[in-house]
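Here's a quick tour for anyone opening this structure for the first time. Have a look at the picture, then read on.

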Amino acid sequence: MSENEALQKAKRKEIRKERFKKRMLGSADRRGLLMSIVIYVLLITIAFIYLYPVLYMFSRSLMNRSDLLDSSAKWLPSAITWKNYEDAILTLDYWNSLWKNLVLALIPTVCQVFICSMVGYGFARYKFPLKNFWMAVLVLAFLLPPQVTSLPNYLTFSRLKLADGTVKPFLITALLGQGFKSVLCVLIFFNFHRQTPQSLVEAAEIDGAGHFKAYWRIAVPLCTAAIVVVTLFSFVWYWNETTLVREYLGYGHTRAKGLTTLMIELQKFEDSYNTAFDARASSVTSTNKINDAIRMAGTMLAIAPLLVLYFVLQKQFVESVDRAGITGE
Amino acid sequence: MGNWIYEKLLPMLEYLPYVLLFGVLAALLITLIVTLVRYRQGKPVRRSARDTLWGYFFIMPWMVGICIFFLGGVANSLLYSFYNLKLDSGLQLTPLTGVDEAGNTVYTPLANYVSVFNKELNFPVTLGNFAVSLVLQLPIIIAFSLIIALMLNGKIKGRGVFRTIFFLPVIIATGPVMSQLTAQGVSSVPMVNQNTMAVILADFPEFISQPIMDLFSQLILILWNSGIQILIFLAGLQKVPTAMYEAAKIDGASGWETFWKITLPSLRSMILLNSIYTVVTLATNSTNPIIDLIYNATYAVTKGYSYGAAMTWLYTLVVAILLLITFLIVREKKEKKSKDVFRQDMEGRARAAQSKKLSKMMGRRKTA
């Protein structure tokens, strides 16, 4: 009897051991606890690495002069100072520049999304002579560095007196499907429209819709996911580009005379700071010198609109990515 | 004869994109008129003609744009590099001339390219550094983004939050912001000690150790550059049919085997796409020192536009070679694919499982 009991006990122990092992290492259907821990630790570490520069930037931008020199205050400022932001706003001429930058980024983005969607649809839906040639040109335009064409285009613009600090060159290029990285936008839309069932569009046409109406009423509403992705990307590209923007605006133009972007202002932040503050308080230059905190505040201000936009659109964006198929096989 | 070609005929190349554009436009106009006439006469409009007209209607703005700005730009910059561009006489291209040993004046179309190598001592060195760092960065970016995409694709809690964080660099990782951050020394991971690395690498020759040191000091920047790649891999992972995984699981394949035999082969085209995308973005990134070098040369008084164009084309050549190498390494090998018995088997099984499921459903419907 007792022998039997002992046997059963051993068996139960064995089963418990087995179960524990299974829980830790996982089975065919379930991931083990160990694996889960590894994955979460990895994800959190990498998420920290990704956030680290932003967090660092933010905490630095709130520090005052003594915190910057104090090595013990590496992470948290001893007292939150908003003065850096005030200085940075003054240096960047922030509200003015922000408004100009919005004009410069939003208008071409809207044009770019509209035109690229049409081009992608044209390529995806119709068969026409020389189609392969144009597709090859499209891919070539993606592969060649933009520096190849930027110089002749700048000369063309300046010869036609278009590089005059207005939105004109941006508008023209975007309307002709040649905005910043428009090739990628066309490819995203091409790939997306290719997945739209032909029968839907044809059904609309049988019901009497013209080709353009079929596109506008059927194909466009079906590709909202792609529209979200492309709009966000285009806006970001227009916001962040500096070299091409400077060429399009013309080199002689400053923020006083024409449009500008925050990224361009950020590039000459130090000079603007010196002119803005040395002129006002030349007697106390030593305490008025630019420091890292002010620089970081300026950088935060320059990317703040992007962050706001991203966190507003974040849900749609992350969902769209799943469906948009930005992959051009 | 040769002089005539170089002096007069070659500069005409500038107009080639316009000839192409107006040729296509004229052909379209003729097709349109013919179609309209046929329509008026009550004859049916051929499908091919209709498709041609509507297709070109949709791509028209882009076609005009690409002829003017892209093809025109390429033709022009190619011409600039073989000529001397005089700004004062209304962008006139003048032939490059030199004097040979006998004292005669001869044409030297390649003079700009030659002087890049003579004057710009930094250029070959920077190009070499760029190529080495590209070779080091590319596998890291691809492997890293693949791992992240795999983890994000699995069932994890807080997936949305993680995704939001991982796509963040796509939004803010750019030239001026990056240069501000690098100036702060934020670009290296805080935990990796630079000195330890230096000690470990001390035994290696400098041309190996230097790029590796650079790599570690810029690890965050490299990881930040892989946002779009993660997106592409995620989209690719979603297209792998789940039936394949189910079939593999039934056959008792472990997660490790499933990854190597199913996930990775399915992602092959994505890996190629990602590699090419990575090379292109790294090459055209505005923080790239070569781009700086080209811009400085272009707007320098002594060098000028033609010189800058020659530099750009040399750089393009190098990037093209790198792209070609990437393509040859990563591309799908056709003959190998047919030998992959396991995968074919799995695909067959997946199909069978699916049809079984279907027939089961149909049967259920019938009984109901």
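## Disulfides

A search through the whole structure turns up 0 disulfides over all chains, where a disulfide means a pair of cysteine sulfur atoms within 2.5 Å. In general terms, a disulfide is a covalent bond between the sulfur atoms of two cysteines.

What about individual cysteines: is B:Cys67 buried or exposed? B:Cys67 is buried, with a relative accessible area of 1%.

## Ground rules

This is a predicted model, so local features need pLDDT of at least 70 and side-chain atom pairs count only at pLDDT 80 or more, while totals for chains, interfaces and linings use all residues. Residues are numbered from 1 along each chain as its sequence is written, chains are lettered from A and ligands numbered from 1 in the order in which they are written, and side-chain values use heavy atoms, with hydrogens and water left out.

## Chain A

Chain A has 17 helices and 0 strands; these are DSSP runs, numbered from the N terminus (helices: H or I, at least four residues; strands: E, at least two). Of its 329 residues, 51% count as buried.

Take the contacts in chain A with a separation of 6 or more: 73% of them come from residues 24 or more positions apart. Contact here means heavy atoms within 4.5 Å. The accessible surface of chain A is about 16,500 Å², with 63% of that belonging to carbon and sulfur atoms (Shrake-Rupley method, 1.4 Å probe; for residues, only the protein chains shown count as cover).

## Where the chains meet

How many residues of chain B are in contact with chain A? The count is 90 residues of chain B, in contact with 97 residues of chain A. Between them the two chains bury about 8,600 Å², 77% of it on carbon and sulfur atoms; buried area is the accessible area (1.4 Å probe) that two parts lose on being put together, summed over both. In chain B, the residues losing the most area to chain A are B:Phe58, B:Trp62 and B:Phe69, together 10% of what that side buries. Helix H3 (residues 47–82) of chain B supplies the largest share of the side touching chain A, 25 residues.

## A close-up on A:Asn153

A:Asn153 sits in helix H7 (residues 147–159) of chain A and is buried, at 9% relative accessibility. Leaving out residues up to four places away in sequence, A:Asn153 touches B:Phe69 and B:Gly73. A polar atom of the A:Asn153 side chain lies 3.3 Å from the backbone oxygen of B:Phe69.

How values were computed. Buried < 20%, exposed > 50% of the residue type's maximum accessible area, 1.4 Å probe, protein only. Polar contact = N/O pair within 3.5 Å; in protein donor to acceptor, adjacent residues only side chain to side chain.
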